[in-house]
Amino acid sequence: MPLIGVAAFALAFATTFRASAHPASVLLPKKSLAEKIDENTDVVLARPTRLEDPQFRITATLKSGNSIERGLVVDATLSKDPEAPEAIDDLLTSLLLTRKSHSDGWVVQSPAGLHLTPFFRKVVGLPKGYSDSDELYRERLRFFLPLVAHPDTRIANSAVAAIGRAPYATVRLLEGDLDQGKLRAFISDPKQAGWRSLQYTLLGIGGNEADAAFLRESIDALWQNNDSTDLAAILVAYIELAGPQAADHIVEAYVKDRDRTFAEIKQALTALAMQGDERDPLPREQVIEAFGWLVENRVPLAYLVVPDYARWEHWEIMPELAELARTRGFQLPYIRNRVRSYLEACPLPSARLHLEGLSSL
């Protein structure tokens, strides 16, 4: 059985994924090969014609904004990304070349072995993102879902980026299609360290009570050492499985604990905001209350939650935020800037008055 099935994924969610502000993974790889294929106008396979001052002969056109003939010899530079060849000696193979437009130069992005070439060809034919239609979006995710733990890091990075950048609300729809046992195995595998953030998220969606206990043990171990490694993903997963009680623990253990590091607090707030976006299993009002405590009691950190208030259109706290910007804005300008953006987003007439008050300072 594959890691992730897709039968139940054929659900209608015309507005669900657009409503979520946070991607499914809070830690994403650098731009993946699949994303580079998407963003470039021309994508070809080529082979070097010589090693000294190499040129490259195009052997196949995968994607083109203009007519590119097979056999054409071109110059190309080496990409600086880790997935690209490091030296000319590494170029004795078929290669993936891209360019932004007809007037730009070609860039060698990656070797293209026997298993990568079919992958590249399929990626070219996939829908590019979330805006075309729900059915096209599902088609893209169907392709990447089984590849999140692929042994080739280039394929795994592409899959993790594609799923991880998808809205969290969308990925939650996969609850019945995740293999909990395999996810736990992947999380325990040192080779999977680079992709654990997404795998923790998936475990929260497809896990059970035993997984909730496992996540709580992981949180406690991190807390003891002020360790923030994959913390936001673990906290999101824990809330997903344990609900409001998990959020209460996170608020006490991280938001209100003055011995926590900035990285820990920021990741805890990110996890609470992600679940606040979804409303279930965590009521947004509970997150708003926790954030209100932060605004009142930990002023230097208040700016972290202001964008969440604006996104949720929570205007009730406007007087407190405006007062904070007036009284502490010169000491903490990033708070004033965040509050200004919040006020500019608010449609209420009182927001204009507060903005005028800030402008007069």
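How many aromatic pairs does a search of the whole structure find? In this predicted model, the search finds seven. A pair of aromatic rings is described by the distance of the centres and the angle of the planes.

One of these pairs joins Phe-119 and Phe-143, whose ring centres lie 5.9 Å apart with 25° between the planes. The pair is stacked, because planes under 30 degrees apart count as such. Phe-119 belongs to helix α3 (residues 116–124) and Phe-143 to helix α4 (residues 134–144), so their pairing ties together parts that are 24 residues apart in sequence. Phe-119 and Phe-143 are both buried.

Phe-143 also pairs with Phe-144. Here the centres are 5.0 Å apart and the planes stand at 75°, so this pair is edge-to-face. Phe-144, like Phe-143, is buried.

Arg-184 places its charged end over the ring of Phe-214, 4.1 Å from the ring centre. In the case of Arg-336, the charged end sits over the ring of Phe-330, 4.8 Å from its centre.

Attention may now turn to helix α15 (residues 318–328). Its buried residues are Met-318, Leu-321, Ala-322, Leu-324 and Ala-325. These residues cover an arc of only 155° around the axis, which puts them on the same side of α15. An α-helix has 3.6 residues a turn, so residues three or four places apart point the same way. Among the elements that cover the buried residues of α15 are α13 (284–297), α14 (306–311), α16 (333–345) and α17 (349–359).

Terms used:
Residues numbered from 1 in each chain as written. Predicted model: local features only at pLDDT ≥ 70, side-chain atom pairs only at ≥ 80, totals over all residues. Heavy atoms only, no water. Phe/Tyr/Trp six-rings, centres within 6.5 Å; stacked < 30°, edge-to-face > 60°. Helix = DSSP H or I, 4+ residues; strand = E, 2+ residues; numbered from the N terminus. Buried < 20%, exposed > 50% of the residue type's maximum accessible area, 1.4 Å probe, protein only. Lys NZ or Arg CZ within 6 Å of the ring centre and 35° of its normal. Arc of directions from axis to C-beta. Contact = heavy atoms within 4.5 Å.
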